[in-house]
Amino acid sequence: RPRGLRAEVIVEWVDHDGLVGGIVARLVGMRGRYGGFHKNAIDNATLGRTTMRLARLNAYLSRWVPRRIVSCSQAGITQHCAIGYAKGQFIVVPNGYDLGHFTPDLKRGRALRSTLPVPDDVPLLGMVARFHPQKDHLNLIKALGLLAKDGQDFRCLLIGTGISEKNGELVRWLNAYNMRDRVFLLGQRNDIEVVMNALDIHILSSSNEAFPNVLCEAMACTTPCVTTDVGDAALIVRNTGWVVPPKSPTELANALLNAIQLRLADPEAWKRRRLQCRQHIADNFTIDKMVANYQRIWAT
């Protein structure tokens, strides 16, 4: 460390830097050491052999160091404890969001819709997620196929890294379930707050998550969500949206149909639900609350 500077707190993110940070902290006599993680899945398939070994080593050491471990999700704690982490070391600090950035802005949302061939009276669904097995886009596409077979009209936007016409696997899935004309692939974007305002319903079809940020971002923009029951998704959505089991296209399609029908049949109830979405985020998941929680932990 620089001469004359003595840090009171060291914060590291497991697994690799957690081990190195712990050793360094001990060598320089640091006691105010905190670990943290923002991931959920703990298995060989997602982490690889070396990282899995480090995770197990950190699990063993967690009885002595760090002083506390901060997780963004309760689901993350459950999975880490399953491989041996000391349960009593954990504190949950949910992620926080800038409600000045993720805010209702129907004008910008309509502007985005106007660039797409989506009639005003057709429900616009969407999912913001990179193309990755964990996000389970096939689950979503199968559900959309079932929704179309039910005779429900809709359009759907897919946004994220790897979401483009160059993705041969994704395009094959769309063709196989006759979704090519209903689903638009927009790729990676830097205006997610605009996307959320353009959507009527945001979908999360994942098979595994920790604390899915996109749900909070959508809800902060007053966009209700249909999500699989992964990570802390149910805690985020509560009674403002719909929660279904992962890897179940039928139940996902049924929830989407229920959401769409409510939007079309009862505009006033839908308006109240939209406002409830934002209020729930404002009450529980603001960036100010997150910062205050970290400051309170570090002060002890």
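Modeller: The model is a predicted one. In it, Arg113, Asp200 and Arg263 are linked in a network of salt bridges.

Biologist: What makes the contact of Lys135 with Glu209 a salt bridge?

Modeller: A side-chain nitrogen of Lys or Arg must lie within 4 Å of a carboxyl oxygen of Asp or Glu. The closest N and O atoms of Lys135 and Glu209 are 2.6 Å apart, so the pair meets the definition. Lys135 is in the loop between strand S5 and helix H6, and Glu209 in the loop between strand S8 and helix H9, 74 residues apart.

Biologist: Why is Asp153 called partly exposed, and why is Arg155 called buried?

Modeller: Buried means under 20% relative accessible area, and exposed means over 50%. Asp153 has 34% relative accessibility, which lies between these limits, so Asp153 counts as partly exposed. Arg155 has 16%, which is under 20%, and is therefore buried. The two side chains meet in a salt bridge, at 2.8 Å from N to O.

Biologist: How do you know that Asp153 also forms a salt bridge with Arg182?

Modeller: The closest N and O atoms of Asp153 and Arg182 are 3.6 Å apart, and the cut-off is 4 Å, so this pair qualifies. Asp153 and Arg182 are 29 residues apart in the chain.

Biologist: Why does Thr228 count as buried?

Modeller: Thr228 has 0% relative accessibility, under the limit of 20%, and therefore counts as buried. Thr228 is in strand S9, and the residues it touches include Asn139, Leu204, Val243 and Pro245.

Conventions:
Residues numbered from 1 in each chain as written. Predicted model: local features only at pLDDT ≥ 70, side-chain atom pairs only at ≥ 80, totals over all residues. Heavy atoms only, no water. Helix = DSSP H or I, 4+ residues; strand = E, 2+ residues; numbered from the N terminus. Buried < 20%, exposed > 50% of the residue type's maximum accessible area, 1.4 Å probe, protein only. Contact = heavy atoms within 4.5 Å. Lists of a residue's contacts leave out its neighbours within four places in sequence.
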